[in-house]
Amino acid sequence: MYSDLQLTEDRPVYIQVKDYLKRLMLKGGLQPNQKLPSTRELSTLMKVSRSTILLAYAELEEEGLIYALKGKGNYVSTLIETQQTNAIHWQLDWTAEVSDYAIQAEQYDLMKHGSGAERGEISFTSIAPDEKLFDLQNVKRAFLDRMSLEGEVLLNYGYAQGYKPLMNYLMNYMENKGVDLTGKDILITNGFTEGFDLLLGALRKKSGKALCENPTHHTAIKNLKLHQFQLTGIDMEPDGLDLKQLEQQLAGSAYDLAYLVPSYHNPTGIVTSPAKRTEIIRLMNEYQVPIIEDGFNEELRYSGSHVSPLIASMGKGNGLVYLGSFSKVLFPGLRVGWIIADATLIDYLESMKRARSIHTSTLDQSLLYQYLSNGNFEKYLKRARTEYKRKYELAVHCLKRHLPMCQISGAGGLHLFVQFPPEVRTRELLAACKVNGVTFTPGDTFYLEPGQGLHTMRLGFSRVSDENIRKGIRIIGETVASMMS
């Protein structure tokens, strides 16, 4: 006892000593009224300074866990005996207590049930930004700048709607994308997922049905199903939704909402054409179906001209709700997103936000605001776009070389979508590739019905080195060839 303390460098040593002794007391290794070693003796046993032991004992005494007798030393408090005696070892079967919502959430959890990568594997599963591109010096400078201006305020409670300077910045940012802000307002959220969850919780279910692209973002599918929406998927064409199929569905049934990812669609990477965007808005207006637009990766276009978000084509209209985030471009760890919508809807969403999470971290919001307002985003984005475009082109080149039988889609963003010949089953391919140290995301993950997309995969390249892009795609190509021979 005492000599097995394992010290780490991330916490003060006296705190680690205090916690170690506290654990011994709570687990019965030290009994009530038992005398503790002297500070000199314990410092020798633990190989730490005597002053460290003095500080640890002082902290334990402050918590009422030990007491000192003058001239005799330190003893374990009887409080420990009370805790040990009064402990009630009550066991519940929590699997029988959790709700259907919790059970479904666990079933849809890709982090638990997906094709996660093992250490050392070449993983094409991630579509997060490459942290090697983050300009930490400017982030540190932004943090210090903001803390020096209003540090005390930032560490206190904030406002449910958001941090006002960031709200103003983002409203201007959206206006520069061509959005008419008349009658609209903004709510800051903890990234896309919270914003989407708030929206789905706020909208009244009349038909209980929702439209979306097929395939589409798995997180969106999960949340729509958790909110008990019945989903109808519209097939994707090279330039966006199949409009004939969309119109047939709208004419044949009532829908409460449509969830769309018009730019760098996840998973196909398709950018919906301007002509189809106009027709989508016309149809949704005709049938009075609100649109939830996911502004996914809008900044990462590598070819062709700029395409504005759908909401920019709405003018003063209020039938579309826009969900924005920099998470796929800039610092997803900050968990800051936003909703642009009709001011009346934002008013309700603000109250829901306050009821659920009070507010998004003001510290995170202020750091992001200062970084953006310092002019760093434009410089970072230029560097990031150059690097991701290079990786994108390398991945396309390797796919055409090693998988010439496949169709590739994706005009930008951090991933590509690959369609194999129908006889290739990508879950079988994944199992074979994992043996050779390569993983990717099977495409059926993103389809609404079982049996769809079995011959497709999503290939994320943003965090994969050039060498591993070449090697990983070569291994996939060789594995396919052996399976088809």
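These entries record what I looked up in a predicted model of one protein chain.

**Basis.** I worked from a predicted model, in which local features need pLDDT of at least 70, side-chain atom pairs count only at pLDDT 80 or more, and totals for chains, interfaces and linings use all residues. Residues are numbered from 1 along each chain as its sequence is written, and side-chain values use heavy atoms, with hydrogens and water left out.

**Overall fold.** I found 17 helices and 16 strands in the protein chain; these are DSSP runs, numbered from the N terminus (helices H or I, at least four residues; strands E, at least two). Along the principal axes, the C-alpha atoms fill a box of roughly 90 × 60 × 50 Å. Of the 485 residues, 51% are buried (under 20% relative accessible area, with exposed over 50% and partly exposed in between; 1.4 Å probe, protein chains only).

**Domains.** I noted domain 1 (13–86), domain 2 (108–128 + 382–484) and domain 3 (134–374), with bounds from an automatic or database domain assignment. The centres of domain 1 and domain 2, taken over C-alpha atoms, are 55 Å apart.

**Gly 183.** I located Gly 183 in the loop between helix 8 (164–176) and strand 4 (184–189). Beyond its neighbours within four places in sequence, Gly 183 is in contact with Ala 341, Asp 342 and Ala 343 (contact means heavy atoms within 4.5 Å). I also checked Gly 317, which is 134 residues from Gly 183 along the chain; their C-alpha atoms are separated by 8.7 Å.
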